[in-house]
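Dear colleague,

I am passing on a structure for you to look through, and below it I have written what was found in it. Please keep it open beside this message as you read.

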Amino acid sequence: MNCLENGTYTNCTFDPIFKTYSSGKAVVTNTYYVNGSSSYGTKTTAEDLADGTVTEALNDRRVGNSAPWTQDEETHQPTLKMISLIEPGTPTAIHELPQQKVQNNDWYSLDGRKLNGRPTERGIYIHNGRKVIMK
């Protein structure tokens, strides 16, 4: 759904947009391809890619930050934006703490917040400048 296939295939024995491994049917909607042929999707042209027609169709009425596709200014091609599936505010990395914050018996969360004491929940914490796993 909402896909673009812009590859080139040689000696391809299956449909490049959708390959079924069973006898079931799949519903493919708002999917476009440029090269070859497919039983699924809509054939489009280089012109439609370059003028933003396909990008607009792929966004399926979504605009602004909710639109996953953008028109690349250099290549004039639809480009899928980087979309994070991680909840905002969820720690995703361990960063070094400034040395002045590290004192005896201080505990910190991964995002650098000083805790009131030893954590009671499972997770990864920083204690005395070292990463500690609480199980």
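Please bear in mind that the model is predicted. The two strands belong to an open sheet of three strands, ordered E1-E2-E3 with parallel pairing, whose edge strands, E1 (3–5) and E3 (42–43), each pair on one side only.

Tyr-32 is also part of the largest nonpolar core, which has seven residues, the others being Leu-4, Val-34, Leu-49, Val-54, Leu-58 and Trp-69. In soluble globular proteins, nonpolar side chains tend to be buried together. When residues up to four places away in sequence are not counted, Leu-49 touches several residues, including Leu-4, Val-34 and Val-54 as well as Asn-6, Thr-44 and His-76.

A second open sheet has three strands in the order E6-E7-E8, with antiparallel pairing, and here E6 and E8 (130–134) are the edge strands, each pairing on one side only. Five bridges join E7 to E8, and Tyr-125 stands opposite Val-132 in E8.

Leaving aside neighbours within four places in sequence, Ser-109 is in contact with Leu-115, Tyr-125 and Ile-126.

With best wishes

Key
Residues are numbered from 1 along each chain as its sequence is written. This is a predicted model: local features need pLDDT of at least 70, side-chain atom pairs count only at pLDDT 80 or more; totals for chains, interfaces and linings use all residues. Side-chain values use heavy atoms; hydrogens and water are left out. Two strands pair if DSSP finds at least two bridges between them. Helices (H or I, at least four residues) and strands (E, at least two) are DSSP runs, numbered from the N terminus. A nonpolar core is a set of buried Ala, Val, Leu, Ile, Met, Phe, Trp, Tyr and Cys residues joined through side-chain atoms within 4.5 Å. Buried means under 20% relative accessible area, exposed over 50%, partly exposed in between (1.4 Å probe, protein chains only). Contact means heavy atoms within 4.5 Å.
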